[in-house]
Amino acid sequence: MSISIQTRYSSHPEDFSMYATQEIREKFLLEEIFIPNQITGVYTMEDRLIVGGIHPVDQPVHLETIDQLKAPYFLERREIGIINVGDQCTIEVDGESISLGRKEALYIGKGIQKVIFHPAAEGKALLYFNSAPAHSSYPTRKITQEDAEVVTLGSLENSNHRTIYKLLVNSVVKTCQLQMGMTELKPGSVWNTMPAHVHDRRMEAYFYFDLKEENVVSHYIGAPDETRHIWMKNHQAVISPVWSIHSGAGTSNYTFIWGMAGENMDYGDMDMVKPAELR
Ligand SMILES: O=C(O)C(=O)C[C@H](O)C(=O)CO
Ligand SMILES: [Zn+2]
């Protein structure tokens, strides 16, 4: 098997407030998702999102079904969004070859039976993905940064100047419940998602990249009045339950991918938390 997906159950916010550092890391952090010639990740019971990485090095990697799905193929009742954080590579979708460049996204809908990820011709293929249960079949679509809905937020004065590329959102592509995009921090800015927010309607996962070896991000998790932090390195992902803020400050600027699933598909539906209200 070239696919390994670990199941993780949900946590209650009152239980979460008792967790020590190691327990928080084991339950929410994905430390290593790029393993050569593997698909590696977590099936979280938070809205049943599957979060992971695909890293074909010297052989093609197939999106095989996993035991958790009890389905003949992975996308029988699911959709998947893939964002390339490595070099250009090819993905075969039921026989059609699609070339995906760095920072481009691919949406593949429910019902597609055969997905094969090929190694990059030059460099490394590093594909980050989120997959959610789906009720309808929508067409496969590649989304480039030019197709994205783009918003710039924050300021250098507040160390949070950043550009949000909304790649898989309903103004750009039709999906059942998945939303994904990418936020790039400008040089000198280190804070993402500050002011912070929660959205009980959707869970979220973050994946940090473009972070140099010696740098780290302190990612904040927890209800707004009971926060904790997780020190994260490049190419690590973190699960944010619906009751949790998801915000971070790095020792440098960086880029991250956000992905959501749940009740609605309204990116702007957020309950904002003023910085001074955080505990
Ligand atoms: O920097 C930001 O702000 C974000 O990227 C926010 C995420 O997109 C998010 O949390 C959406 O709910
Ligand atoms: Zn959010």
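Two strands pair here if DSSP finds at least two bridges between them. In this predicted model, strand β7 (residues 89–93) meets that condition with β8, because five bridges link them in the antiparallel sense.

Cysteine 89 stands opposite leucine 100 in β8. The hairpin of β7 and β8 has two residues between the strands. In that hairpin, aspartate 94 takes a positive phi near 45°.

Strand β5 is joined to β10 (residues 115–117) by two bridges, and the two run antiparallel. Within that pair, valine 61 has phenylalanine 117 of β10 as its bridge partner.

In general, strands of a sheet pair through backbone hydrogen bonds, either parallel or antiparallel.

Another open sheet of four strands has the order β16-β22-β19-β20, with antiparallel pairing. Strands β16 (191–192) and β20 (228–232) stand at its edges. Each has a single partner strand, so one side of each is left without a neighbour in the sheet.

Strand β19 (residues 217–221) runs antiparallel to β22 (residues 247–250), with four bridges between them. Valine 217 stands opposite glycine 250 in β22. Helix α2 (residues 21–28) packs on this sheet and touches β19 and β20. The direction of α2 makes about 65° with that of β20.

## The ligand shell and the annotated site

Which residues surround ligand 1? The shell consists of Leu153, Arg162, Ile164, Thr183, Asn192, Thr193, Glu204, His246, Trp258 and Met270. It divides into four nonpolar, four polar and two charged residues.

UniProt, in an unreviewed entry, places the feature "binding site" at His197, His199, Glu204 and His246. These positions are spread over 50 residues of sequence, yet they cluster in space, with a largest C-alpha distance of 11.4 Å. Glu204 and His246 of this annotation are also in the shell around ligand 1.

Histidine 199 sits in the loop between β17 (196–198) and β18 (202–209). Leaving out residues up to four places away in sequence, histidine 199 touches Val242, Asp269, Met270 and Asp271. One of these, Met270, also belongs to the shell of ligand 1.

Histidine 246 lies in the loop between β21 (236–240) and β22. Beyond its neighbours within four places in sequence, histidine 246 contacts Thr193, Glu204, Tyr206, Ile221 and Ser240. Thr193 and Glu204 are among the residues surrounding ligand 1.

## Burial of loop residues

Is histidine 246 buried or exposed? Histidine 246 counts as buried, because it has 25 C-beta neighbours inside 10 Å. The cut-off for burial is 20 or more such atoms, and 12 or fewer means exposed.

| Residue | C-beta atoms within 10 Å | Class |
|---|---|---|
| Histidine 199 | 22 within 10 Å | buried |
| Histidine 246 | 25 within 10 Å | buried |
| Glutamate 46 | 23 within 10 Å | buried |
| Aspartate 210 | 17 within 10 Å | partly exposed |
| Histidine 235 | 21 within 10 Å | buried |

Glutamate 46 is found in the loop between β3 (39–44) and β4 (50–54). Not counting residues up to four places away in sequence, glutamate 46 touches Ser10, Met203, Ile239 and Pro241. The C-alpha atoms of glutamate 46 and valine 198 are separated by 14 Å, although the two residues are 152 apart along the chain.

## Backbone features in loops

Most residues other than glycine have a negative phi, and most peptide bonds are trans.

Where does the chain hold a cis peptide bond? One joins methionine 194 and proline 195, with omega about 0°. Proline 195 is in the loop between β16 and β17.

Aspartate 210 is not a glycine, yet has a positive phi of about 60°. Its place is in the loop between β18 and β19. With 17 C-beta neighbours inside 10 Å, aspartate 210 counts as partly exposed.

Histidine 235 likewise has a positive phi, near 65°. This histidine lies in the loop between β20 and β21. Histidine 235 is buried, with 21 other C-beta atoms within 10 Å.

How values were computed
Residues numbered from 1 in each chain as written. Chains lettered and ligands numbered in written order. Predicted model: local features only at pLDDT ≥ 70, side-chain atom pairs only at ≥ 80, totals over all residues. Near = placed C-beta within 6 Å. Nonpolar A, V, L, I, M, F, W, Y, C, P; charged D, E, K, R; others polar. Contact = placed C-beta atoms within 7 Å. Axes fitted to C-alpha atoms, helices over the stretch in contact; angles between N-to-C directions. UniProt positions renumbered as here; feature names shortened; annotations may be inferred.
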